[in-house]
Amino acid sequence: MVKIAPSLLAANILELKSEIQIIEDAGAHWLHIDVMDGHFVPNITFGPDYVKAINNLSNLTLDVHLMIENPELYIPKFAENGADIITVHYESAIHLHRVVQMIKSYDIKAGVAINPATNVENLRYILNEVDMILIMSVNPGFGGQKFIKEAVEKIKHLKSMLPSEKDVEIQIDGGVNGENASELISAGATSLVAGSYIFKSIDKRKAIESLMN
Ligand SMILES: O=C(CO)[C@@H](O)[C@H](O)COP(=O)(O)O
């Protein structure tokens, strides 16, 4: 079953508690938390204390996407504060293998994300170590951008590379909506991140259902 991960970047920060309650009731599986540092991406968002606060509000899986430089400096705090999955960028982790091992040492899941211009082939030698690959279908930094359609081929290519004996989630993030969801799932995506499509909808439940169906 595909996991729907609403991106809290698009939620109304002043109504966060009720926004989370609505998407929980609507059947969302994970909460996607976009951490941005103003260096790796041109935007600044949430830190470890935000993750701690969300962890106190919800029992959903906290799926933390680090769009930051030097992720190894901050992984311990995000893990201690309740992250269930931590995803780092291929482009920001110089010693990617070591960083993935660091995440796993906290007994949580480890993901690796790639930007739109990064070739999935670069992930070949990390696939045995990770629980999830996140394919960005927009340039990271902001919600509400247009889906980059080459991401569909990247999902297919990645799927063909995955070791058959290991369960690796394929997550797609950026511009996901009710129109492209079924193509993404058919291509091999097992987790859909959606921000604007869910939180800007009048009926968030319907939006989540349309992604699942
Ligand atoms: O990581 C990011 C943006 O950098 C995403 O998680 C966005 O938050 C997705 O937002 P939409 O494209 O669905 O509005």
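Me: In this predicted model, a residue is buried if 20 or more other C-beta atoms lie within 10 Å of its own, and exposed if 12 or fewer do. Is Ser7 buried or exposed?

Reply: Ser7 sits in the loop between β1 (3–6) and α1 (16–25). Within 10 Å there are 23 other C-beta atoms. The cut-off is 20 or more, so Ser7 is buried.

Me: Which residues is Ser7 in contact with, leaving aside its neighbours within four places in sequence?

Reply: Ser7 belongs to the loop between β1 (3–6) and α1 (16–25). Apart from the neighbours within four places in sequence, its contacts are His32, Asp34, Gly143, Val193, Ala194 and Gly195.

Me: Which residues come nearest to the ligand?

Reply: There are 22 residues around the ligand. This shell divides into nine nonpolar, eleven polar and two charged residues. Those that come nearest to the ligand are Ser7, Pro140, Gly143, Gly195 and Ser196.

Me: Where is Phe142 found?

Reply: The UniProt annotation "binding site", from an unreviewed entry, includes Phe142 as well as Ser7 and His65. Phe142 has 15 other C-beta atoms within 10 Å, and is therefore partly exposed. Its place is the loop between β6 (132–136) and α5 (151–161).

Me: How many residues does the largest nonpolar core have?

Reply: Among the residues with the most contacts inside this core are Val64, Ile86 and Leu192. Leaving aside neighbours within four places in sequence, Val64 is in contact with residues including Ile33, Val35, Phe78 and Ile86. The number of residues in the largest nonpolar core is 66.

Me: What percentage of the contacts with a separation of 6 or more is accounted for by residues 24 or more positions apart?

Reply: The protein chain contains eight helices and eight strands. Of its 213 residues, 42% count as buried. For contacts with a separation of 6 or more, the share from residues 24 or more positions apart is 63%.

Me: What radius of gyration does the protein chain have?

Reply: The C-alpha atoms fill a box of roughly 45 × 35 × 35 Å along the principal axes. A compact globule with 213 residues would have a radius of gyration near 17 Å. The value for the protein chain agrees with this, being 16 Å.

Terms used: Residues are numbered from 1 along each chain as its sequence is written. This is a predicted model: local features need pLDDT of at least 70, side-chain atom pairs count only at pLDDT 80 or more; totals for chains, interfaces and linings use all residues. A residue is near a molecule or strand if its C-beta atom, placed from the backbone, lies within 6 Å of it. Ala, Val, Leu, Ile, Met, Phe, Trp, Tyr, Cys and Pro count as nonpolar, Asp, Glu, Lys and Arg as charged, and the others, Gly among them, as polar. A nonpolar core is a set of buried Ala, Val, Leu, Ile, Met, Phe, Trp, Tyr and Cys residues joined through C-beta atoms within 7 Å. Two residues are in contact if their C-beta atoms, placed from the backbone, lie within 7 Å. UniProt positions are given in the numbering used here, feature names are shortened, and annotations may be inferred rather than shown by experiment. Helices (H or I, at least four residues) and strands (E, at least two) are DSSP runs, numbered from the N terminus. The radius of gyration is taken over C-alpha atoms; the globule rule is 2.2 Å times the number of residues to the power 0.38.
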